[in-house]
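Reader: I'm new to this one and would like to learn how to read it. Could you walk me through it?

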Amino acid sequence: MSEAFPRHVLCVLGSGLDLSEMERIAAGFGGFVLDREYSEAEHDPRMPEAFKASMAAASFDEADWDAVESHDTVGYLLSAPMMRSLAFDTSRRLLAVTAALLRSGAVAVKNESSGIAHGLDRWLALADRAADVTDEGLAGALVAAWVKRPIYDGQVLYSCGMHLLGAPEVEIEVGEEHPTEDRLLELVAHLDALAIYLLTDPRAEEIEDGAGFRMAEDAPRWGLRTGTCDRYDEDDLFFNPYGYVRLTHA
């Protein structure tokens with residue numbers, strides 16, 4: 001296993017939000033610092049395209065896009081490099097930070113470490129959901145918040161961001177023909193079920209190639225295959241030192 005430690009890099013756009021205030025809010029949750037080198041109290045014209053590339057369209061409304069266009073501050077918040085045992089709780093706390101910032105003048109947020117963004121209402125709903133649940137419910141909220149999915153490479157649907165929760169990425173074989181919209185929703189449900197299993201079931205630590213996985217007792221059986229992360233270099237923010245677990249046709 002790689003010795004790389006994942007870390008969150010959170011891009012926060014503000015309108016009238018002072019960088020020092022951003023830093024103060026984040027510090028109140030412990031363990032997060034403002035990257036003074038790259039944060040700037042000025043508009044960055046690259047941001048609309050950057051948010052489009054981060055699946056923002058899935059939850060952005062017109063007000064969200066207007067906010068990105070009109071921002072006047074760009075702050076980058078950093079977590080410390082995360083040991084595996086600390087990643088889940090760090091991600092839980094950072095979701096609370098995100099909500100606090102959005103309630104204090106921030107207008108848009110995306111995660112540079114997984115390439116995902118949500119609209120303001122979606123971020124707040126996810127943070128509220130995470131604050132009210134535990135176990136599988138909390139795992140589901142954090143997967144929804146921080147894990148970009150599905151990404152299609154022509155053969156496989158896969159995720160990016162599970163490393164921020166201390167787990168392997170999740171993948172599923174689909175073949176060369178891009179799935180229909182209904183089939184895509186079904187496949188994403190499989191990815192999410194596998195992700196939650198990896199985060200909450202102690203048996204996930206002992207997965208071996210060829211093991212079986214079912215969505216339910218009477219559901220079709222999938223095979224499991226594990227591997228190392230070869231999509232990104234070790235110094236890439238997207239790199240997952242825990243590799244991947246792929247659902248294959250049994």
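Predicted model: local features only at pLDDT ≥ 70, side-chain atom pairs only at ≥ 80, totals over all residues.

Reader: How do strand 7 and strand 8 run, and how many bridges join them?

Author: Strand 7 and strand 8 (residues 169-173) run antiparallel, with 3 bridges joining them. For a spot to look at, find V156, which stands opposite E173 in strand 8.

Reader: Now the charges. How do I read a salt bridge?

Author: The general idea is that side chains of opposite charge can pair when their charged atoms come close. In this model the count comes to 14 salt bridges.

Reader: Which residue forms a salt bridge with D192?

Author: R149 does, and the closest N and O atoms of the two are 2.6 Å apart. D192 belongs to helix 7 (residues 181-200) and R149 to strand 6 (residues 148-152), so this pair ties together parts 43 residues apart in sequence.

Reader: Is R149 buried or exposed?

Author: R149 is buried, because its relative accessible area is 17% and the cut-off for buried is under 20%. D192, at 21% relative accessibility, counts as partly exposed.

Reader: Where do I find the partners R36 and E23?

Author: R36 is in the loop between strand 2 (32-34) and helix 2 (47-52), while E23 is in helix 1 (residues 19-27), 13 residues apart. Their closest N and O atoms are 2.9 Å apart. R36 is partly exposed with a relative accessible area of 47%, and E23 is partly exposed at 29%.

Reader: Which residues are linked in a network of salt bridges?

Author: D153, E171, R231 and R246 make up such a network. Take D153 and R231: they form a salt bridge whose closest N and O atoms are 3.3 Å apart. D153 sits in the loop between strand 6 and strand 7 (156-160), and R231 in the loop between strand 10 (222-227) and strand 11 (244-249), 78 residues apart. Both are partly exposed, D153 at 39% and R231 at 30% relative accessible area.

Reader: What does the charged end of R231 sit over?

Author: The ring of Y158, with 3.6 Å to the ring's centre. Likewise, the charged end of R84 sits over the ring of Y242, 4.2 Å from its centre.

Reader: And rings with rings: how many aromatic pairs are there?

Author: The count comes to 5 aromatic pairs. One of them is Y197 with F213, which is edge-to-face: 5.6 Å centre to centre, with 65° between the planes. Y197 is in helix 7 and F213 in strand 9, 16 residues apart.

Reader: Are Y197 and F213 buried or exposed?

Author: Y197 is buried, and F213 is too.

Reader: Which residues do ring pairs link into a cluster?

Author: Look for F51, F60 and W65, which ring pairs link into a cluster.

Conventions
Residues numbered from 1 in each chain as written. Heavy atoms only, no water. Salt bridge = Lys/Arg side-chain N within 4 Å of Asp/Glu carboxyl O. Helix = DSSP H or I, 4+ residues; strand = E, 2+ residues; numbered from the N terminus. Buried < 20%, exposed > 50% of the residue type's maximum accessible area, 1.4 Å probe, protein only. Pairing = 2+ DSSP bridges. Phe/Tyr/Trp six-rings, centres within 6.5 Å; stacked < 30°, edge-to-face > 60°. Lys NZ or Arg CZ within 6 Å of the ring centre and 35° of its normal.
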